[in-house]
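Please keep the sequence and the structure in view while reading.

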Amino acid sequence: MGKVTVVGSYIVALVMDTDRIPVEGETVVGKNYHTTHGGKGSNMAVCASRLGADVTFLGKVGKDSFGDGFVSLLKNENVDTNSVLYSDHIPTAVGFIIFTSRGTNSIVIDPAANNDFLPKDIEENRHIIESSDVIVSPLEIPLETVLAAAKIAKRKGVKYILNPAPAVDLRKCDLSDFFALTPNETEARVCLGLEPNDPISDSDLAKALLNLGVENVILTLGAKGVLWVSNKGTYTIPTLKVKVVDSVGAGDAFNAGLAVGLAENRSVTEALALGVTTAALSTQKRETIDSYPFREEVDKNIAEVLNYIT
């Protein structure tokens, strides 16, 4: 069993359905109000645990009921909660989400305690990073916090996966402390300071990111699988063919599967196959956390991907 640490984020989602998005100054009547667990770090932690890894979550929430609910989620999913940090004065991150009957949505997010997760918190908990096999982070926490964690990890030979979402311009960053960068096509362009619809090819996009110093660039391409580029070459890993119901959270499932595979000392190809299989299976159900498969289901399906590769 590999040890995976998620240095990441949690956001509670407050969700409501309406017929349409209200205009400025207008009040409309909604229905089906409910709260759900969100945040890419939270998703990755739960998914990695379901895949059989020894998972620790290192991140920050508020001293409130939402933070307590998150800790309960992690405990129920067998994720180590000893490294959940608490902000003294800032609440747990919240997202307000309105869905309309037309399938559109409007979202407002307050990162709150995620923005209070600082490099000093990393230094105070460096033993957690140093004792890990693999670390994975999204960018729903400050970039400087992720860079500080990656520097510690690199010194101890710990593989670090950076999922640059939400994306930021990374051209001025030295990414040599990271084992892998895992953007989708749009995020990759933003990371290079390009327009989201820039016509650059996927291969050139990945190679340009590789020049920032990272060991591996893994471009996630949805139903087309992933494009993996390193100094050893360029490879395409196909995904599992499934009937997609809801793809929300699939990227987080991919990163969790990749992290678990690497933590188990599998080859990068095998770890990628674990990631794309996990992500594909997660698209068959609604509700992000509920959609994440357990290892038994992934193992039953991964041969289809591996056989295609070989």
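Predicted model: local features only at pLDDT ≥ 70, side-chain atom pairs only at ≥ 80, totals over all residues.

## Salt bridges

The model contains 17 salt bridges. Side chains of opposite charge can pair when their charged atoms come close.

One of these pairs joins arginine 171 to aspartate 169, with a nitrogen-to-oxygen distance of 2.6 Å. Aspartate 169 has a relative accessible area of 36% and is therefore partly exposed.

## A network of charged residues

Salt bridges connect Lys60, Asp116, Lys120 and Asp121 in a network. Within this group, lysine 120 and aspartate 121 form a salt bridge whose closest N and O atoms lie 3.6 Å apart.

Aspartate 121 is buried because its relative accessibility is 4%, under the 20% limit. Lysine 120, by contrast, counts as partly exposed, because its relative accessibility is 47%.

## A link between distant parts of the chain

Glutamate 215 and lysine 154 also form a salt bridge, and their closest N and O atoms are 3.4 Å apart. This pair links distant parts of the chain, 61 residues apart: glutamate 215 is in the loop between α7 (202-210) and β11 (216-220), whereas lysine 154 belongs to helix α5 (residues 143-155).

Glutamate 215 is partly exposed, at a relative accessible area of 38%. Lysine 154 likewise counts as partly exposed, at 38% relative accessibility.

Threonine 277 lies in helix α9, which spans residues 268-282. Because its relative accessibility is 0%, threonine 277 counts as buried.

Beyond its neighbours within four places in sequence, threonine 277 contacts Leu240, Val298, Asn301, Ile302 and Val305.

Note on methods: Residues numbered from 1 in each chain as written. Heavy atoms only, no water. Helix = DSSP H or I, 4+ residues; strand = E, 2+ residues; numbered from the N terminus. Buried < 20%, exposed > 50% of the residue type's maximum accessible area, 1.4 Å probe, protein only. Contact = heavy atoms within 4.5 Å. Salt bridge = Lys/Arg side-chain N within 4 Å of Asp/Glu carboxyl O.
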